[in-house]
Amino acid sequence: MALVALVLGSGVIRCPFAALTHMPCPGCGSTRSALALLHLHVGQAFWLNPAAPIVVASVAVIAIEGLYRVVRDGHARDLAVHGASRWALRALVLATILEIPIWALRFFGLFGGPVPV
């Protein structure tokens, strides 16, 4: 996860949606929000993309529980069926769905307005 965050934060990989449409994608601001969260700038993280901190927390819970289950059981078959990852998966789906209205609201100037691409 840290490697993915490093690559995305470096700007080496460009958003394919933005490259094709020349418009910000629904997830635009997520990387900047996650980086702000890593620097403990919680207010800025929620301002850049309110759904991104929920996504980061959900993915972290699922990854940690998955790793724990693999170490304990040798597999992660029951991941997201029982335990914290079940709720984390629900939060992840909800946050992903929230990305669309947040994206639309940015075109009206909210959450920092449309992100330049």
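Predicted model: local features only at pLDDT ≥ 70, side-chain atom pairs only at ≥ 80, totals over all residues.
Local features require pLDDT of at least 70, side-chain atom pairs count only at pLDDT 80 or more, and totals for chains, interfaces and linings use all residues. Residues are numbered from 1 along each chain as its sequence is written, and side-chain values use heavy atoms, with hydrogens and water left out.

Side chains of opposite charge can pair when their charged atoms come close. Two salt bridges are present in the structure. The term denotes a side-chain nitrogen of Lys or Arg within 4 Å of a carboxyl oxygen of Asp or Glu. One of the pairs joins Glu65 to Arg69, with the closest N and O atoms 2.9 Å apart. Both residues belong to helix 5 (residues 52-73). Helices are DSSP runs (H or I, at least four residues), numbered from the N terminus. Glu65 and Arg69 are separated by four residues, about one turn of the helix. Glu65 has 12% relative accessibility and so counts as buried. Arg69 is also classed as buried, at 11%. Here, buried means under 20% relative accessible area, exposed over 50%, and partly exposed in between (1.4 Å probe, protein chains only).

Asp73 is partly exposed, its relative accessible area being 35%. Arg72 is likewise partly exposed, at 47%.

Ser85 sits in helix 6 (residues 84-106). Its relative accessible area is 0%, so Ser85 is buried. Beyond its neighbours within four places in sequence, Ser85 is in contact (heavy atoms within 4.5 Å) with Val61, Ile62, Glu65, Leu79 and Ala80. Ser85 and Ala63 are 22 residues apart in sequence, with a C-alpha to C-alpha distance of 8.5 Å.

Helix 5 is also crossed by helix 3 (residues 30-38). The two axes come within 9 Å and cross at roughly 70°. Axes are lines fitted to C-alpha atoms, for helices over the stretch in contact, and angles run from 0 to 180 degrees between N-to-C directions. The helices are therefore roughly perpendicular to each other; that class covers 65 to 115 degrees, with under 35 roughly parallel, over 145 roughly antiparallel and the rest oblique. Helix 3 contributes Ser30, Ser33, Ala34 and Leu37 to the contact, and helix 5 contributes Ala52, Pro53 and Val56. Of these residues, five are nonpolar, two polar and none charged. Ala, Val, Leu, Ile, Met, Phe, Trp, Tyr, Cys and Pro count as nonpolar, Asp, Glu, Lys and Arg as charged, and the others, Gly among them, as polar.

Key. Helix = DSSP H or I, 4+ residues; strand = E, 2+ residues; numbered from the N terminus.
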